[in-house]
Amino acid sequence: MKIVLSWLLFTAESAGAPTILWNGVPIHRRLLLGHTAQQADPSVFVLGAVAVILIQSAYWIRLRCLPQLQLKRQLVLGHAIQFLGRLSFVFIGGLFGVVFFTRFEELEFSIWKVLFLLAVLFSLFCYTLDLDRLGKAFWEAQTDDRPRSP
């Protein structure tokens with residue numbers, strides 16, 4: 001039952017991350033840019049908040065309460081999962097950097113906007129860590145033909 005719950009929580013995280021990645025530009029525009037014509041629809045903020053809550057709650061429950069998954073060794077799949085995790089975080093970090101540095105004079109700072117943006121970035125960081133752990137579980141798993149340590 002714990003294995004099923006762990007996969008369900010990982011699926012919840014995996015639903016939140018693409019929501020943030022898909023809406024990355026509108027979230028940055030909504031949170032950082034002032035009153036310009038480029039602002040995103042307020043529903044993007046709601047989607048981002050739901051994604052952050054989904055990722056954070058699933059991540060911490062999975063990390064604190066459930067054991068590490070024991071998987072069969074699949075070296076290529078493990079590396080592909082780790083690559084996907086790093087790529088998603090590099091994408092959102094790069095997007096933040098581009099918006100921040102190219103539009104610095106247009107930025108409108110407020111505490112709640114900066115905190116929410118940090119929560120979005122931290123949520124994707126946590127998801128990246130989870131993908132990294134999952135990838136390592138695939139490529140560090142013991143195969144039946146290798147000798148096991150006592």
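User: Let me start with one residue. Is Asp-130 buried or exposed?

Analyst: Read the relative accessibility, then compare it with the cut-off. Buried means under 20%. Asp-130 has 5% relative accessibility, so Asp-130 counts as buried. Keep in mind that this is a predicted model.

User: Which side chain meets Asp-130 in a salt bridge at 2.8 Å?

Analyst: Look for a nitrogen of Lys or Arg within 4 Å of a carboxyl oxygen of Asp or Glu. Here the partner is Arg-62, with 2.8 Å from N to O. The pair links distant parts of the chain. Asp-130 sits in helix 5, residues 111–139, and Arg-62 in helix 3, residues 42–65. They are 68 residues apart.

User: And Arg-62: buried or exposed?

Analyst: Apply the same cut-off. Arg-62 has a relative accessible area of 10%, so Arg-62 is buried.

User: What other residue forms a salt bridge with Asp-130?

Analyst: Check the remaining charged side chains. Arg-133 meets Asp-130 at 3.7 Å, N to O. Arg-133 and Asp-130 both belong to helix 5 and are 3 residues apart, so about one helical turn separates them. Arg-133 counts as partly exposed because its relative accessibility is 25%.

User: How many salt bridges does the count come to?

Analyst: The count comes to 4 salt bridges. Another one of them joins Arg-86 and Asp-132, with the closest N and O atoms 3.2 Å apart. Arg-86 lies in helix 4 and Asp-132 in helix 5, so the pair ties together parts that are 46 residues apart in sequence. Asp-132 is buried, because its relative accessibility is 15%.

User: Which residues does Gln-82 contact, beyond its neighbours within four places in sequence?

Analyst: First place the residue. Gln-82 is found in helix 4, residues 75–102. Then list its contacts, leaving out neighbours within four places in sequence. Gln-82 touches Leu-131, Asp-132, Gly-135, Lys-136 and Trp-139. Gln-82 has 10% relative accessibility, so Gln-82 counts as buried.

User: Let me zoom out. How many helices and strands does the protein have?

Analyst: Count the elements, then read their order. There are 5 helices and 0 strands. From the N terminus on, the order is α-α-α-α-α.

User: Now helix 1. Why does its length make sense?

Analyst: Helix 1 covers residues 2–22, which is 21 residues. At 1.5 Å a residue, the helix should span 30 Å. Its end C-alpha atoms are 30 Å apart, which agrees.

User: Which residues of helix 1 are buried, and where do they fall around the axis?

Analyst: List them, then look down the axis. The buried ones are Ser-6, Leu-9, Phe-10, Glu-13, Gly-16, Ala-17 and Ile-20.

User: What patch does Leu-8 belong to?

Analyst: Look for nonpolar neighbours at the surface. Met-1, Val-4, Leu-5 and Leu-8 form a nonpolar patch, with about 460 Å² of accessible area together. Leu-8 has 54% relative accessibility, so Leu-8 counts as exposed.

User: One more residue. Which residues does Leu-21 contact away from its own stretch of sequence?

Analyst: Skip the neighbours within four places in sequence. Leu-21 then contacts Ser-88, Phe-91, Ile-92 and Leu-124. Leu-21 lies in helix 1. At 24% relative accessibility, Leu-21 counts as partly exposed. Sequence and space can also be set side by side. Leu-21 and Leu-95 are 74 residues apart in sequence and 9.8 Å apart in space, C-alpha to C-alpha.

How values were computed. Residues numbered from 1 in each chain as written. Predicted model: local features only at pLDDT ≥ 70, side-chain atom pairs only at ≥ 80, totals over all residues. Heavy atoms only, no water. Helix = DSSP H or I, 4+ residues; strand = E, 2+ residues; numbered from the N terminus. Expected span 1.5 Å × (residues − 1). Buried < 20%, exposed > 50% of the residue type's maximum accessible area, 1.4 Å probe, protein only. Contact = heavy atoms within 4.5 Å. Patch = residues over 30% accessible without salt bridge, like charges linked within 9 Å, V, L, I, M, F, W, Y side chains within 5 Å. Areas by Shrake-Rupley, 256 points an atom, 1.4 Å probe, with all protein chains shown as cover.
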